[in-house]
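Take a look at the structure below. Keep it open as you read.

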Amino acid sequence: MPHFRNRLRRGQGLGVHAAYKPWLRVRDVPSRGTSSIVRGIRTSRSVHLLSKIETTYFFLLERRRTTQDCREQFPILEITRTLELCEELGVRHPHKGFYPEPFTIDFMVTELIDGKPYFRAASIKTPNDATNPSVLNRLAVEHRWCAEHNIPWTLVDTSAFDDTLLKNLRFMRAWFLHRHIPDYPQAIRFAACFLDIYRRNTLLDEIVHDVCQRLHLPINSGHDTFRFCAWSGLIPISLSHGLALNLPLVLRNVQNTH
């Protein structure tokens, strides 16, 4: 399998954290313009995301404090076993030409819980694909392989993944793209002041300006400090409402924050 060996030589599907390289890259898969390559906050490497819903889930994972690593397009390199599982389950194994191609799990996530790393697998499919029998049959192979390796596997519910959610996540995440270096004590003061003077039906930019005046912050720094506070949960925003400087900000019910 020359193509298989060549990819392994290049390190695809191998490594962890910043050293990981996905088995499939954006240029390898047609996406109709919905794929993207983003710089990961936690690993500072290029992350290849093949659809909008993958991008949405990746951003949600990055916001979780327990997330340590997130390896996208993670290959199951035990081809002999996946061929056996396909035969058992009556599933057609993927091939590239005459040669079997690895199954790929959308995300292999590493979480740090009580000081220990835990691995879990997540498959990201559209609501339509999540009910498609042929797709579910292929996912059954992933599920069985993960179960054999004591890796929890989840088919993520993407029914709430819409353009508004993705745009909101991109807006908040811009603090990282702007190379803003978070100052946690300052962020805590900013969030407390913001929530103290928050007014419904007031443009977000106006509230940020007021906070900057009170805390003597430059407005550009204030914008990115707000984005970081929203991203990290210090300011409990609603992700289902539009989020922009020229829109009123909607907060989540404080009782539901965590």
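Predicted model: local features only at pLDDT ≥ 70, side-chain atom pairs only at ≥ 80, totals over all residues.

## Helix 3: a buried face

Helix 3 spans residues 79-89. Which of its residues are buried? They are Ile79, Arg81, Thr82, Leu85 and Cys86. Now look down the axis of helix 3. The buried residues fall within an arc of 160°, so they line one face of the helix.

## Helix 3: the other side

Turn to the other side of helix 3. Here Thr80 and Glu87 are exposed. Buried means under 20% relative accessible area, while exposed means over 50%.

What follows helix 3? Gly90 does, and its phi is positive, near 70°.

Most residues other than glycine have a negative phi. Two residues here have a positive one instead.

Take Arg179. Its phi is near 60°, although Arg179 is not a glycine. Where does Arg179 lie? It sits in the loop between helix 5 (163-177) and helix 6 (184-197). Is Arg179 buried or exposed? Its relative accessible area is 75%, so Arg179 counts as exposed, being over the 50% cut-off.

Next comes Asn201. Its phi is near 65°, again a positive value in a residue other than glycine. Asn201 belongs to the loop between helix 6 and helix 7 (204-215). With a relative accessible area of 73%, Asn201 is exposed.

## Recap

Helix 3 has buried residues lining one face, with Thr80 and Glu87 exposed on the other side. Arg179 has a positive phi and lies in a loop. Asn201 also has a positive phi and is found in a loop.

Terms used: Residues numbered from 1 in each chain as written. Heavy atoms only, no water. Helix = DSSP H or I, 4+ residues; strand = E, 2+ residues; numbered from the N terminus. Buried < 20%, exposed > 50% of the residue type's maximum accessible area, 1.4 Å probe, protein only. Arc of directions from axis to C-beta.
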